[in-house]
Amino acid sequence: MVEPARFPITLTVNGMPHSVTVEPRRTLLDCLRDDLVYPGTHVGCEHGVCGCCNVIVDGALVRSCLMLAVQADGADVETIEGVGTEDELSPIQEAFCAKHAMQCGYCTPGMVMTLEDLLRGNPQPTEAELVDAVSGNLCRCTGYQQILQAARSVIADNAAKAGQA
Amino acid sequence: MTGTRSRYRYVGRPMPVIEDRRFVRGRGRYINDLAMPAMLHLAVVPAPVAHARLLGVDAAEALASPGVVAVLTGADLVEMMEPVPQELALPEVIWYPLAVDKIRYAGEWVAAVVATSRAAAEDAVELVVIDFDELEPLVDPRRAMRPDAALLHEAQGTNVVWNERHTWGDVDGEFASADHVYEYSYRWNRHSGVPLETFGAIAQVDQTGILEIWASHQNPDIQQEAVRVMRTPKVKVHMDIDIGGSYGSKRGRKQMYLTAAAAIRARRPVKFMEDRIENMQAGDGHGPDRYYTVKVAASAEGMVRALDIDVIEDLGAYCGRGPRQITKPTSAVVGPYRIPAVRYGGYGVLTCKTNQVPFRGAGQSPHNFAIERTMDLLARDLGIDRVELRLRNYIQPEQFPYEIPGGAIYDSGNYPGAAELAIKQARFEDLLAEQAEARAAGRLYGIGTAGGIEPGGAAAEHGEGVRIEVDATGHVVATIGFQSAGQAHESMVTQLVCEELGVEIEDVIVQRGHGLGGIYAGAPTGSRMTQMLGTSIYQCAKKVRAKLTAIAAFTLEVEPDEIEIDGTTYRVAADPAKAMTWKQLAKTAYGPRLKNPPGMEPGIVELNVYAGPDIVTKRKLTTGAKQFPTYAFDFHVVVAEVDPDTCEITLRKYLVVHDCGTVLNPLVVDGFVYGGIGHGIGGAMYENFAYDENGQLLAVSFMDYLMPTAAEVPTVELHEQCTPTPLHPYGAKGAAEGAYMTAPAAIASAIEDAVAPLGVRITEVPITPQLIFDSMMAARSNA
Amino acid sequence: MKPAPFDYHRATDVDDAVAALHAVEDGKAIAGGQSLIALLNLRLARPELLVDLNPLRDLDYIEPTPDGGLVIGAMTRQRAVERSALVRERCPIMFEAMPLVAHAAIRNRGTIGGSLAHADTGSELCTISLAVDARMRVRGQAGDREIKAADFFDGPLTTVLTPDEILTEIVVPPAPARSGAAFAEVSRRRGDFALAGVGGVVGVGEDGTVTHARLSYTSLGPTALRSPHAEESLLGNRLDEATIEKAASVVGEDLSPSDDLHATATFRLHLARALTRRVLHTAAGRAAT
């Protein structure tokens, strides 16, 4: 078997430019984790169901296990490592801590990315829109209750801010 | 809330969970985030059929594949290690991580490829040729237990590896004299915890010759076992990574030993991160898989006089730790009821499926399902209200401690109180009115109730250790001997250290030991860490306080019993101006010996191992019975609606009253209750590790193994009742399993109530639209 | 769970993609990849070459046609279809079904063309293409052609596309006069492939009788398919209970579901009948307004 050609790609992750050479079969998920060392994006199922590997590519939420790294050439990727800082968590992250919206933490990065994506496009989603968005990510610990409580608290804050403005 | 909470500075407060701050930023450190220099990757070769004689494994082509360093087979492992130990003493059921002479289930690992990348290993897996001679697949335990069935382990002579029957009380007499006797059958299909992180392990031999193992395991006792299995005392199992969910599932002993053998063989670090298929087909991670027959003897008033419970448990191909799940229910065999006589027994049968693991409650959830279904069906058959029947039969609050048949003693409880609180909070009368209205409109609308006992604290086998150090600057380092899978143990340890030593949260560091670190620990199973570790911290802190008191007394020139502790200040009770601060005490302990009491060990380092309460450690039980320290209780009210056209099931309301005594941290305990209900909904309605008649697992991906999403789990209304246990310093009971133990029974109760007008009874989980459809068709053709 | 090795070609235009596919024995075009990459990861698909259509941004459009219909470029993301006011106005049944396609993260990347060319029997878009008499415009080494949806799906995960043909555009004709459309499905969980799904379009004449009828089905055969028996039974009749019941009762003539872990063929047929009734009621209501 002839080894397939490897492809040089350049992409931006959380504002940082990266260049790397990958096999075509390498998923964006494995590239982020193992080549570029952003381990916050987690491997759950590798077939697009669980949402543990959700990242934002060029402004759109995607499953990084269902995208090839070669397809991210030139892309602007945002991972959990780019959300919030040690000293200043994002409002979603802050609310996740306040409500204990996690237990083992494994689904949490994907869940946070999903909610970041939802609330950037729509700071005050309806309950149905919220549940629909969260339904794209599996969590095995929480029964989703505290995740939804956390999200609702951020949405309520957004509504209050919008009311003041 | 309750009066018990206000006594404490930290206990009972919704303290933000320390772990959350790293998880929310993707800074958890899981096994898959670890890498060693020059690390290799392992992938396994799955067996294509369910049952076969293994004639040969040809790895020549695989070994020549790019990047491949080694290929291991079962024959290699027989040379390198002892078989993996199992729950029962079965000399002829020999279990290695790779199949040796036979293939015993589809997907069983036959060979392992070690290569420079996981992708290269998978490429070579496809090149390994397995030569085998197919045998009759054993899929149904009721067939496998018959004398004419093929044998999975021929030398064992039978597929039945557990066969006990225990009679506690006058069972036959009660049945003979009962006003009513009914018999019901139930089917509990396989589901499990299925954490989003699969099992992973890394092994290497360090520069001193010590075999190091890191893994997403929840069982620190693996250290002792690994010494025996790997035939070397030089083993160090690490316990300091975050585990991406377990619920009992993360044992992975086979995986750890296989990885260790591969690292020894390849002379390089090896990582084995199961992929989802490896995990679901062969990760030894499935839960109970049962057929129940329950006979019940009752008086005309609906008082249950006796139960005769027969279980057939499908254990899978090897014994593993599965049988634990048949025996645990003996610790609460009658549930919350005053039932004087019980017979409990049955068969544990080996079949061509992956092994069981003790998953969330270790078999108590199906047992509670059988009991609570029986109470519902009995109520229907006797024409007594379901709630009323339960209230009549509940153990009453003044009867504790209460000894059940078999000898287990329930510490405390208030079951009628919890049930009545739930009925009140659910506005049950209004629900009944809504139901009447819905039924009049042709809708299938049901209300379900169920309660459940949660045995907590699993103390019988392992003590629990902690080491508390106070450094020279006054910071407290608490070391525990196991790693966690989301139970917020670092927060609990911090909270209790602060409570007992008066220090602030930011003064406490919690770290994990490792297998050679000298902290004796048992696994976080059986909702045991609040009971066991919590008490150990309480006791250890007492030792620290005693030492600090001695130093203060020596310095202040009084007797120790004259010292009064006020937070972190140790002062002379009679002369409060004479005092030492925490920092002064810490500095003194590490300072010149002359400033310390003569003979005192320098420094402040205290170790404590808690064995468990006397009720477990000092009582001998009846054969076959088990005892847990504490018994929590919960009561669920569920409203379900079934679409009469499409058989779709919707949960419209979910309310639970939970009583686990004192709640240390409501944020954490609420999460356990919610999460347990999430698992319960999954098991009750969606999840099924179904096998076809050839023994092929049908649910090998998340496309077919259906775990509920946020759209399937309704908003849960949680209320608390607090009945503290006398067996814990703060009155806390185990809490993380009960909601899962009760939810499937409550959901079945609601769905059955919805379809009851059609003459349908629910005796099986998962309750799917297909099951509803089939039941409706059957009821229609019977009518 | 890593894909088997494959080569990769980033297409520069449609002709380049066609040529690249033509040049190899076992090439495969990748659009959104939301089904294909999962199959690659599972090693259930193992092409020697992937030809990536994602650079073909000129296939990403939703445009009105003068006759009142619309055309959708094959590389249009499902999320764009879901949010399109034009789709909502001119193909409301597609708009209604889009949120049922998996989850937002999948729809952000998944394309309409990819979904149709993948031809999964569980695909809502395939069912809808049949219900609205869509036409597929394709280009291959042999040139361009247009294929009716009714002729497009050929079997499990199979279409009539030749290995070097690429779906470039979906033509959605204008809705028939005085028609209404509806889609309904039953799935185990939010976002799952349906156990059964039904798309229906009915047109009603001035006299209240059915003049146009399309009923198409998800997960009720090897691929998306229509029920000519049910359609025929509707034509010329008033859309009353009896007519709807008659249509529902004959759908089994055309459907051939199979058993799987989640539903038996018998139950799927039951659902097909129940959803046919539901869809016809809704569509009838919409046709009347």
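What radius of gyration would a compact globule of 783 residues have, and what does chain B have?

1. **Overall size of chain B.** This is a predicted model. A compact globule with 783 residues would have a radius of gyration near 28 Å. Chain B has 28 Å, which agrees. Along its principal axes, the C-alpha trace of chain B spans about 90 × 70 × 50 Å.

2. **Inside chain B.** Of the 783 residues in chain B, 61% are buried. Take the contacts in chain B with a separation of 6 or more: 80% of them join residues 24 or more positions apart. Chain B has 22 helices and 29 strands.

3. **A sheet in chain B.** Strands of a sheet pair through backbone hydrogen bonds, either parallel or antiparallel. Here, three strands of chain B form an open sheet in the order β4-β2-β6, and the pairing is antiparallel. Strands β4 (102-103) and β6 (129-134) of chain B stand at the edges. Each has a single partner strand, so one side of each is left without a neighbour in the sheet.

4. **The β2–β4 pair.** Strand β2 of chain B covers residues 52-58. Two bridges join β2(B) to β4(B), and the two run antiparallel. Look for R53(B): it stands opposite K102(B) in β4(B).

5. **A helix in chain C.** Is helix α8 of chain C largely enclosed or left open? Eight of the eight residues of α8(C), residues 124-131, are buried, so the helix is largely enclosed by the rest of the structure. Among the buried residues are E124(C), C126(C) and L130(C). Just after α8(C), D133(C) takes a positive phi of about 55°.

Technical notes:
Residues numbered from 1 in each chain as written. Chains lettered and ligands numbered in written order. Predicted model: local features only at pLDDT ≥ 70, side-chain atom pairs only at ≥ 80, totals over all residues. Buried ≥ 20, exposed ≤ 12 C-beta atoms within 10 Å, placed from the backbone. Helix = DSSP H or I, 4+ residues; strand = E, 2+ residues; numbered from the N terminus. Pairing = 2+ DSSP bridges. Rg over C-alpha atoms; globule rule 2.2 N^0.38 Å. Contact = placed C-beta atoms within 7 Å.
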